[in-house]
Amino acid sequence: MLRIKNLESGYGRLKVLKKVTMHIRSGEIVTIIGANGAGKTSLLKTIAGLLPARSGEILFDTKDIGNLPPEKVVFRGCSLVPEGRQVFAPMTVRENILLGAYTQYRNGKGGAVRDDIERVYGIFPRLRERERQLAGTLSGGEQQMLAIARALMARPKLIMMDEPSMGLAPLVIRDIFAVITRLRKEGGTVLLVEQNARAALGIADRGYVLETGRIIMEGEAEELLSNREVQRAYLGRDLDAEGKM
Amino acid sequence: MYWEPDKECLDREELEQIQIERLQSTLTRVYQHVPFYRKKFNALGFSPEDVGSLADLGRLPFTTKADLRENYPYGLFAVPMREVVRVHASSGTTGLATVVGYTRNDIRMWSNLVARVLTAGGVTKDDVVQIAFGYGLFTGAFGIHYGAERIGASVIPASSGNTARQIQIMRDFKTTALVSTPSYALLVGDTLQEMGIPASALSLRYGLFGAEPWSDAMRREIEGKLGIVATDNYGLSEVIGPGVSGECLERQGLHINEDHFLVEVIHPETLQPVAPGEEGELVITTLTKEAFPMIRYRTRDLTRLLPGTCPCGRTGRRMSRVTGRTDDMLIIKGVNVFPSQIEHILFEIEGTEPHYQIVVDRKGAMDEVTVLVEVEESIFFDQMRRQKEMMDRIQKRLAHELGVHVDVRLVEPKTLARSEGKARRVIDNRKL
């Protein structure tokens, strides 16, 4: 579904991504793990068209989407749930969700929007309860749900999520991750960027480890979970200390 | 039957995407963790970031057996020893083995690849697999063992030798698949005949053979004698052990597990890639190994990549049977023997002349090696007892250091043919 080759991008003179090569097959959950500043968010932004690609290629459904403007990327079927939710605080929950249907209206599929709203309310019953509330008054977890719901309204083939667990309580994280698993079950494809590597690898099929803009490891989630370098650096396990117990 | 259909039947484009991803991350890791590779890359002004396509691999230096020996034992490991859960080794020319290591993930991956090869060769979870490779430092036995267990087959770790007992196990335990060297399979066939046991009294269905060069004629002989379908599989410890490639039941070449190994075929002298389909030396780069990644390892094995696709549906390219070696290494009963090893030992023994010849024969099913050694005249004029002592001493030393039995014959000085230029040390009479 998504095939990236030798992708490079950055800010000013700073090169953040260095020849990143990766892919996602339809129906997969793939996670990118890595420390702060490794380039995870830049990678998603480059795919989404928010950050220009300097070189390399991004093929989405075999068509090059490198350097398409962000709205065109959404039209092609690739949506981003940005880091920090970025919901429109002074608007109601329902209005926020409707904004996500922008591409559907443009495609002349406005009639289906009502069904789509029902679908996201089915996934997030809490949002239906808070339909008329201003988004700014929602809790962090609810805002995250809203951000995902808004992205789903574009009926993306691929949904990219940037740190959906950030700042959330463990129980809420569990709910959000359950939703991600459900999306895959319903035929969706997910690219998940997470600092919470253990949780992400727990639901992902495969993962890539990004370190200072380079992919240093890739593999099935199970393999990465049992890799001791990954355990030490990203899962917070100190095996040497455990060994002494 | 496939073990991992989604991986064994990948379309070419997707396979190449996976290969380049894995190549880039492997190069990044070896550059970070293995000083040997870092130095080599730096000397060439090469950075892992320079690799954007599979073709860029050609700019990297080769790795040879000598590099492994110079970094004996752990110098090429890419992870600390505490992450290594297994160590294997293969014999080297001067007594120094080459040592390889595996992480837990490596063992899991290796088991899977062997499971692919076994499945392609007909093995299922319902089979009783008798492994007649020597259990020990050699990768063959443990590699196959873990793969067969992974499939869920019933594994009999019979190890090598004691043919009559092997046959008894085969008959009583109702072995359905035999894993061994091809020459050992022939010996089993011959011994069956001597014991008057017809192949039909056994439950054998499949034979998976490797660790030694063999031919289609030999395959037919083994199949006839044991009443089985025999397949060939290939691997080497420096790369992983068994599991690099193996034949499917179509038996039209060995499918390479290309999502884990990148292969090239080069001309052994010019070191340039040969034309597609031409014979040359196989060069392998590992794409997923953690503990012991190998970059462009020169296997010294001669093969060629076969054109076209296999009717079985696997998309991994196929290599022909290994037809020989680019160096003088002999594979005797699955054990690697270099003539220089023998030379080295002979030089250490007093009373021998620097002239010797190694004669390899195939008697029945088994390889027999005879070393002819010129000895000082005085020994020949001496009593028989001294000659006998000397023969025994040489024989014991050789068996001890080579790990395989060889016969020794003492000859008078100047009786071995002298050739001009390069001495013809090895006479290989085996017709494979």
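I'll start with the sheet in chain A: six strands form an open sheet in the order 6-7-8-3-9-10, and the pairing is mixed. Strands here are DSSP runs of E of at least two residues, helices are runs of H or I of at least four, and both are numbered from the N terminus. Two strands pair if DSSP finds at least two bridges between them.

Why are strand 6 and strand 10 of chain A the edges? Each has a single partner strand, so one side of each is left without a neighbour in the sheet. On average, neighbouring strands of this sheet are turned by 15° against each other, direction ignored.

Before going on, note that this is a predicted model, where local features need pLDDT of at least 70, side-chain atom pairs count only at pLDDT 80 or more, and totals for chains, interfaces and linings use all residues. Residues are numbered from 1 along each chain as its sequence is written, while chains are lettered from A and ligands numbered from 1 in the order in which they are written.

Back to the sheet. Strand 3 (29-33) and strand 9 (206-211) of chain A run parallel and are joined by four bridges. A:Ile33 has A:Val209 of strand 9 as its bridge partner.

Two helices of chain A come next. Helix 1 (40-48) lies across strands 3, 6, 7, 8 and 9 of chain A, at about 145° to strand 7. Helix 8 (170-185) of chain A lies across strands 3, 7 and 8, at about 155° to strand 8. Axes are lines fitted to C-alpha atoms, for helices over the stretch in contact, and angles run from 0 to 180 degrees between N-to-C directions.

Now the two chains together. How many residues of chain B are in contact with chain A? There are 14, and they meet 16 residues of chain A; contact means C-beta atoms, placed from the backbone, within 7 Å. Helix 2 of chain B gives the most to its side, with eight residues. That side divides into one nonpolar, six polar and seven charged residues. For these classes, Ala, Val, Leu, Ile, Met, Phe, Trp, Tyr, Cys and Pro are nonpolar, Asp, Glu, Lys and Arg are charged, and the others, Gly among them, are polar.

Last, chain B itself. Chain B is divided into domain 1 (5-327) and domain 2 (335-428), with bounds from an automatic or database domain assignment. Their C-alpha centres lie 32 Å apart. Ten residues of domain 1 are in contact with twelve of domain 2, and helix 8 (182-195) of chain B gives the most to the domain 1 side, with five residues.
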